[in-house]
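Reader: I am new to this structure. Could you take me through it in short steps?

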Amino acid sequence: MSERLQRAIAQAGITSRRKAEELITAGRVTVNNEVVTKLGTKVDSHDHIEVDQVPIQRESIHTYLFYKPRQVISSVKDNKGRKTVLDFFTDFSYRLYPVGRLDYDTSGLLLMTNDGELANHLMHPKNKIPKVYVAKIKGNLKAPEIKKLVHGVMIDHKLSAPAHVKILSNDYEKKTSIVQLTIHEGHYHQVKRMFEAVGHYVEKLSREKYAFLTLESLNSGEFRELSHEEVYKLRSL
């Protein structure tokens with residue numbers, strides 16, 4: 001699969017993509033022993049690329065859909081010695097990192113990748129990637145509270161983006177509800193703080209869907225690699 005030359009250089013860890021573009025236009029990059037100065041030049045895995053006469057080591061690109069368990073840190077390391085998402089990806093020759101994060105006590109769908117460009121694309125606020133959460137909350141949502149969530153609530157003196165709310169079940173005896181919340185933002189403790197803003201504590205939380213991807217066929221702690229078609233579809237969002 002071909003990719004832009006500047007992306008291939010950035011993915012090799014040489015520099016950022018923007019700096020790679022400067023290297024190309026400055027005539028410091030060769031492809032198959034020929035100087036290339038045109039941005040947007042496509043290369044594939046068979047092409048030999050050098051920057052300042054030094055060959056780059058190109059790492060194969062991979063993206064995984066991971067069912068993160070609760071009590072796991074969405075980070076590559078933890079100074080408190082807690083289990084991280086990388087503890088589930090120990091036998092890989094390439095280094096993966098999470099796309100965004102899920103809270104320590106939140107389970108569900110998390111993408112793991114070594115594709116920096118894809119990660120930046122998915123996390124950029126302007127792309128508004130929808131994320132679906134299922135929360136068990138204390139109490140039962142009332143119509144005015146649902147209306148507030150739909151139109152946005154105040155978090156850190158800012159109005160959150162509108163959400164889609166669907167009540168999956170109510171337990172009036174235990175005074176709890178299971179609620180599905182769809183948002184495209186990803187602020188710190190976003191879902192928990194949205195429910196707290198309307199007076200409900202989140203007892204349990206899971207992310208069930210990310211864009212078009214779901215946890216179907218996966219158990220907690222399991223993962224699968226995304227197909228080329230799925231990655232292409234994520235890029236096109």
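Reader: Which elements do the buried residues of H2 pack against?
Author: This is a predicted model. In H2, residues 17-25, the buried residues are Ala20, Leu23 and Ile24. Seen down the axis of H2, they fall within an arc of 100°, so they line one face of the helix. That buried set packs against helix H1 (5-11), strand E2 (29-31) and strand E5 (49-51).

Reader: Which residue just after H2 takes a positive phi, and of about what value?
Author: Helix H2 spans residues 17-25. The residue just after it with a positive phi is Gly27, at about 75°.

Reader: How many residues are in the largest nonpolar core?
Author: Met112, Leu141, Leu149, Leu181, Met194 and Phe195 have the most contacts inside this core. Several elements each supply at least two of its residues, including strand E7 (63-68), strand E9 (106-113) and helix H5 (190-197). The largest nonpolar core has 29 residues.

Reader: What is the size, in residues, of the second, separate core?
Author: Tyr67, Val99, Leu118 and Leu213 are among its members. This second core is separate and has 17 residues.

Reader: Leaving aside neighbours within four places in sequence, which residues is Met112 in contact with?
Author: Met112 is one of the residues with the most contacts inside the largest nonpolar core. With those sequence neighbours left aside, its contacts are His62, Thr63, Tyr64, Phe66, Val85, Leu86, Phe89, Leu96, Tyr97 and Pro98.

Reader: Which element gives the most to the lining of the second largest pocket?
Author: About 510 Å³ of space lies in this pocket. Of its 27 lining residues, Lys131, Tyr133, Glu185, Gly186 and His187 are the closest to its centre. Helix H3 (116-123), E10, H5 and E15 each supply at least two residues of the lining. With 3 residues, the element that gives the most is E15.

Reader: How many residues of that lining are nonpolar, polar and charged?
Author: The second largest pocket is lined by 27 residues. They divide into 12 nonpolar, 9 polar and 6 charged.

Methods. Residues are numbered from 1 along each chain as its sequence is written. This is a predicted model: local features need pLDDT of at least 70, side-chain atom pairs count only at pLDDT 80 or more; totals for chains, interfaces and linings use all residues. Side-chain values use heavy atoms; hydrogens and water are left out. Buried means under 20% relative accessible area, exposed over 50%, partly exposed in between (1.4 Å probe, protein chains only). Helices (H or I, at least four residues) and strands (E, at least two) are DSSP runs, numbered from the N terminus. The arc is that of the directions from the helix axis to the C-beta atoms. Contact means heavy atoms within 4.5 Å. A nonpolar core is a set of buried Ala, Val, Leu, Ile, Met, Phe, Trp, Tyr and Cys residues joined through side-chain atoms within 4.5 Å. On a 1 Å grid over the protein atoms alone, a cavity is a set of points where a 1.4 Å probe fits but cannot get out, and a pocket is an open set with protein on both sides within 12 Å along at least five of seven lines; lining residues have an atom within 4 Å of a point. Grid points are joined across faces, edges and corners, and a volume is the space filled by probe spheres set on the points. Ala, Val, Leu, Ile, Met, Phe, Trp, Tyr, Cys and Pro count as nonpolar, Asp, Glu, Lys and Arg as charged, and the others, Gly among them, as polar.
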